[in-house]
Structure formats: structure tokens, C-alpha cells
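Let us read a fold together, one feature at a time.

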Amino acid sequence: MSEQAGIRHGRDSGQQHLVHMFCGHAYAEKPRKGGNVIALFLFLSPVVTFWRIIRKRSTEDFSGVPYNMTLLNCLLSAWYGLPFISPNNFLVTTINGTGSVIEAIYVVIFLIFAERKTRLRMMGLLGIVTTIFTVVVLVSLLALHGTARKVFCGLAATIFSICMYASPLSIMRLVIKTKSVEFMPFLLSLSVFLCGTSWFIYGLLGRDPFIAIPNGCGSFLGFVQLILYAIYRNHKGAPAPAGKGDAAADDEVEDAKKAAAAVELAEAKTNKVADGDKVASQV
């Protein structure tokens with residue numbers, strides 16, 4: 001009997017282990033800690049890009065939208081992870097609080113070295129980011145409580161997490177158009193894929209759709225970026241700028257020819273009038 005009881009106890013323990021592994025937060029600790037490490041790597045991956053911006057004192061064709069959207073995502077996710085909104089998610093707050101500081105530094109550097117038109121556009125976007133975060137904080141503190149507060153903050157974090165992951169779509173379009181990955185850094189694409197995948201797994205294990213859904217989208221978009229990088233990494237890029245320059249030069253030549261023809265026509269008319277005046281005077 002004691003042997004059978006021991007076997008039964010072992011079987012029950014194994015079943016409980018499986019249940020906790022797929023449904024409990026305790027077994028999500030490893031993906032969460034791994035997600036924090038990869039998320040930090042994601043936040044630091046643009047350092048190479050911003051060193052280039054500082055060195056050249058120009059943002060070139062880099063887009064500032066992803067950094068503003070990542071800032072908003074970090075702020076909302078850090079707020080969502082606070083204990084009085086979403087218990088047992090404090091590591092979400094710590095990593096996203098760190099990310100908020102890092103992304104704010106990126107945004108400031110981008111504003112300093114961007115052209116005036118781009119700077120004004122990014123300042124407007126930064127104003128929208130600040131306004132959205134302020135509204136979410138005030139509504140969650142003053143108007144909502146308990147589960148309603150968690151759902152509201154979770155939905156806000158989910159929506160703008162998806163926006164953050166989707167923000168490089170314009171760069172992906174540029175990659176396809178120019179057949180060059182110069183302005184889509186590999187480390188950033190790799191970090192997006194790894195970060196999205198790890199947090200997606202954590203969201204599944206913890207049964208938290210507000211973490212699983214946006215990071216699942218991020219994992220997919222990061223994978224698409226890696227595919228684009230694999231396709232175009234050895235391409236030198238389409239000669240679009242040179243073609244445009246040649247076309248512009250051709251247009252200038254044509255304009256010059258038209259102007260010269262107009263001048264010749266005007267001179268011909270003037271000469272014709274002068275000849276007519278001479279004939280009239282002789283008569």
C-alpha cells in the first residue's frame with residue numbers, strides 16, 4: 001500500500017507540475033527574466049545608430065517614429081505593471097521604466113540633430129505621446145478601480161505596444177523600395193523578434209492577453225524584418241537617387257533648350273518687325 005501511495009503521490013505531483021507550468025505565474029519567471037534581458041538588449045540596440053547620428057550630426061533617412069512609439073509603450077507598460085494596477089507584474093515595470101529613460105534620451109538626440117521640418121514633426125508626435133500617457137494615468141487613477149482599472153490600462157498598453165512594433169513598417173517599405181537594409185539595423189530587428197517572442201511566451205504561461213497579444217504581433221513583425229534583411233543584405237541598393245539626379249539634369253538641359261529657342265524666336269520676331277519698319281520707311 002505504501003508503495004502504491006508513493007506512486008500515486010508522484011503521479012499527482014507530476015500533474016500539478018504540468019498544470020502550474022502552463023497556467024501558473026511561478027513557472028513564467030524564467031521567460032519573464034529572459035524577456036527582461038532581451039528587452040534591455042532591444043532598448044540598447046539603437047546605440048550604434050545614434051552614435052552615427054551624433055558623429056554625422058544628421059538623422060539622415062532614419063525615422064524618429066519608432067523611438068517615440070517605444071517611449072509611449074514603455075511608459076504605458078511600466079504603469080500597467082505597478083502593483084496597484086496589475087499584481088505580480090512588477091518586473092514589467094522595472095524593465096519598461098528603464099526603457100522609458102533610454103528611449104527619452106534617443107528622442108532628445110534625434111530632435112537635436114534632425115532637420116527643422118522633421119524636428120517639428122517629431123516634437124508634435126512627442127506632444128501626442130505625452131498627452132496619451134497623461135490621459136491614461138489620470139483616468140485610471142480618478143475614474144476607475146480594481147479590475148476595470150487593470151483592463152483599461154492593459155488595453156492601452158496593448159494597443160500602443162502593437163503600434164510600437166508596427167512603427168518600422170515605413171522602414172520596411174523603404175527596404176523593399178530601395179533594396180537596401182542600410183536604415184533597418186540588424187540588431188534592432190533581431191531584438192524585436194527575440195523580445196516579442198520571449199514576452200509572448202510569458203504572456204501565454206501567465207494567461208495574460210495584454211502581454212501575449214501585442215508581443216505575438218511583435219514577434220511576427222520582427223520575423224518579417226529578419227526575412228527582409230536576409231533577402232536584401234547583399235544588395236547594394238537601387239540606383240534611385242542617381243537616376244533622379246540624371247533625370248533632374250536632363251530636365252535642366254531641356255529647360256535650357258526651350259529657353260534658348262524662345263530667345264531665338266523672340267529675336268526673329270524683333271528682326272522681322274525691324275525689317276518691316278525699314279520697308280515702310282523706304283516706301
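Q: How many helices and strands make up the secondary structure of the protein chain?
A: The model is a predicted one. Its protein chain has 11 helices and zero strands. Read from the N terminus, the elements run α-α-α-α-α-α-α-α-α-α-α.

Q: Which residues does UniProt list as "transmembrane region"?
A: The unreviewed UniProt entry gives residues 37-54, 91-113, 125-145, 151-171, 183-205 and 211-232. Such annotations may be inferred rather than shown by experiment. Take two of these spans and look at the coordinates. Residues 91-113 are 100% helix and 0% strand, with end C-alpha atoms 34 Å apart. Residues 151-171 are 90% helix and 0% strand, and their end C-alpha atoms lie 32 Å apart.

Q: What share of the contacts joins residues 24 or more positions apart?
A: Among contacts in the protein chain with a separation of 6 or more, that share is 77%.

Q: What percentage of the residues count as buried?
A: Of the 283 residues in the protein chain, 37% are buried. The chain exposes about 16600 Å², and carbon and sulfur atoms supply 68% of that area.

Q: How is a pair of aromatic rings described?
A: Two values are used: the distance of the centres and the angle of the planes. A search of the whole structure here finds five aromatic pairs. One of them is F50 with Y67, edge-to-face, at 4.9 Å centre to centre and 75 degrees between the planes.

Q: Why does the pair of F50 and Y67 tie together parts that are apart in sequence?
A: F50 lies in helix α3 (residues 47-56) and Y67 in helix α4 (residues 65-80), so the pair links parts 17 residues apart in sequence. F50 is buried because its relative accessible area is 3%, under the 20% cut-off. Y67, at 8%, is buried too. Ring pairs also bring in Y106: F50, Y67 and Y106 are linked into a cluster.

Q: What geometry does the pair of W79 and F84 have?
A: W79 and F84 are edge-to-face, 5.6 Å centre to centre, with 80 degrees between the planes. W79 counts as buried at 14% relative accessibility. F84 counts as partly exposed at 45%.

Q: Which residues make the nonpolar surface patch?
A: F41, V48, F186 and L187 make a patch of about 350 Å². Patch residues need over 30% relative accessible area. L187 has 36%, so L187 is partly exposed. L187 sits in helix α9 (residues 186-205).

Conventions. Residues numbered from 1 in each chain as written. Predicted model: local features only at pLDDT ≥ 70, side-chain atom pairs only at ≥ 80, totals over all residues. Heavy atoms only, no water. Patch = residues over 30% accessible without salt bridge, like charges linked within 9 Å, V, L, I, M, F, W, Y side chains within 5 Å. Areas by Shrake-Rupley, 256 points an atom, 1.4 Å probe, with all protein chains shown as cover. Salt bridge = Lys/Arg side-chain N within 4 Å of Asp/Glu carboxyl O. Helix = DSSP H or I, 4+ residues; strand = E, 2+ residues; numbered from the N terminus. Buried < 20%, exposed > 50% of the residue type's maximum accessible area, 1.4 Å probe, protein only. Phe/Tyr/Trp six-rings, centres within 6.5 Å; stacked < 30°, edge-to-face > 60°. Contact = heavy atoms within 4.5 Å.
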